[in-house]
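Subject: Structure handover and notes

Dear colleague,

I am passing on the structure below, together with notes on what was found in it. Please read the notes with the structure open beside them.

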Amino acid sequence: MDDLGLSIAEYSVFASIMIFGGMIGALISGKVADIFGRRTTMWLSDLFFIMGWCSITFGKRAWWLDAGRLLMGVGAGIQIYAGPIYISEVTPKNIRGGFVAAASCTLTLGFSLVYYIGNNMSWRTLALVVELPGAIPSFIQVLGVFFIPESPRWLSKIGLEKEVEASLQRLRGENADISTEAAEIKDFTETVQQHSGSTFMDLFSRKYARPLIIGVGLMALVQLGGTNAITSFASSIFRAAGCSADSASQVMAVLQLPFAVASIILTEKAGRRLLMLVTSAGTCLGCLLVALGFLFKGYHPSAELTSSMVYTGILLFSISFTVGMGGTPWIIMSEILPINIKGSAGSLTALINCFTSWIVSYAFNFLFEWNAAGTFFLFAFFCGSVVVFVAMLVPETKGRTLEEIQASMTLLR
């Protein structure tokens, strides 16, 4: 804000414009994935990341930085759909959740690195240090993505039966028996396509009501719980509470790593549903502690009480989100959506995720200045709503094939 002379509104735009780009990416990701395949969609995502990195690295004005963040947001919006969908469609049922959780773990590693080193660098230096490692995998994957097999379920959807078996054979191993799995994929794809169309308006038919409500509901409630505000403005929150922003952010970074690894194990051991119930309750409790800490600030003479409660609450929120709330909704979304609407429904859920995240990111600074305690009470309400939502609607998907899950979630008549 000081270097570029930004107002709070302009600073909020700078912080949230990447998420706005994510909305654009989410809108196109499903259609691109349905028409051109999962690999091409991931390749397109890498191109946007590379263009965004170039804009941030070589740009000399504020609007270049905004443009770079917007482009990287478009790439992220495409990737948050294409990545989980591809992983869920190519991995066996007994390790599917662990693979998506492992991808989420690498994301946590990146966040932890930023939190650890960010307070010791100027923002310009940090942008270069952070974006360069982020761009290297994109340069590698923009070529390497075409050396991995295409999703057999997408190949079945477009009628390439021989390619389905060839893809499965590459994925499962040269000597693996893939006949049963290939038959299940083909039979279920045929059944779904016989009973339904694949236009956008088909999403809103009665037979898809439950998976669509679960996908959209989870994405919206998780983001409204404040995760993007807390991750983006953790230092500001710590400073407002009287904590040392440097040390608090570094502790937050270090703590996330072991719990990110734990999420890989717990996703398959405990199951998606139980993990969501426990971790959403944890984020709710964390937000309540932060809210009460700021509430007591005006009434209690001891500043230590506020700083301790806020510090503990943010760490509890961060740990809970890392273990389950961050990656598990994407696993569930990728598993419950039928193949014939996965593109359009996936785009819709990713769009809702980015839109609610953008609202929270943009509005947070205004809300926090108005009433810090009230802001976190609001976040606690939405985190608590996730507990109720999961308990009432979300099924357990651990250990089941995608075809079994989707058949139980839709009404094919």
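A nonpolar core here is a set of buried Ala, Val, Leu, Ile, Met, Phe, Trp, Tyr and Cys residues joined through side-chain atoms within 4.5 Å, where buried means under 20% relative accessible area, exposed means over 50%, and partly exposed covers what lies in between (1.4 Å probe, protein chains only). The model is predicted, so that local features need pLDDT of at least 70 and side-chain atom pairs count only at pLDDT 80 or more, while totals for chains, interfaces and linings use all residues. Residues are numbered from 1 along each chain as its sequence is written, and side-chain values use heavy atoms, with hydrogens and water left out.

Overall picture

The protein chain has 18 helices and zero strands, both taken as DSSP runs numbered from the N terminus (H or I of at least four residues for helices, E of at least two for strands). Of its 413 residues, 51% are buried. The accessible surface of the chain comes to about 17,900 Å², with 68% of this belonging to carbon and sulfur atoms; the areas come from the Shrake-Rupley method with a 1.4 Å probe, and for residues only the protein chains shown count as cover. Among contacts (heavy atoms within 4.5 Å) with a separation of 6 or more, 81% join residues 24 or more positions apart.

The cores

The largest nonpolar core holds 65 residues, and those that touch the most other members are Leu218, Ile237, Met276, Phe294, Ile314, Phe364 and Phe376. Helix H17 (residues 372-393) supplies the largest share of this core, with ten residues. Another core, of seven residues, lies apart from it and includes Leu155, Leu168, Ile178 and Ala182.

Leaving aside neighbours within four places in sequence, Phe294 is in contact with Ile237, Ala240, Ala241, Thr306, Val310, Phe368, Ala372, Ala373 and Phe376. Phe364 lies in helix H16 (residues 342-370) and is buried, because its relative accessible area is 1%. Not counting residues up to four places away in sequence, Phe364 touches Ala229, Phe233, Ile237, Thr375, Phe376 and Phe379, and its C-alpha atom is 9.4 Å from that of Asn228, which is 136 residues away in sequence.

Helix H13 (residues 272-297) and helix H15 (residues 328-336) have axes that come within 10 Å and cross at roughly 145°, the axes being lines fitted to C-alpha atoms, for helices over the stretch in contact, with angles from 0 to 180 degrees between N-to-C directions. The contact is made by Arg272, Leu275 and Met276 of H13 together with Thr328, Pro329, Ile331, Ile332 and Glu335 of H15.

Individual positions

Ser29, which is placed in helix H1 (residues 8-36), is buried with a relative accessible area of 1%, and beyond residues up to four places away in sequence it touches Thr41, Gly77, Ile78, Tyr81 and Ser347. Met72, in helix H3 (residues 62-90), counts as buried because its relative accessibility is 6%; its C-alpha atom and that of Met18, 54 residues apart along the chain, are separated by 6.6 Å. Leu113, found in helix H4 (residues 96-118), counts as partly exposed because its relative accessibility is 46%, and its C-alpha atom is 8.9 Å from that of Gln250, 137 residues apart in sequence.

With kind regards
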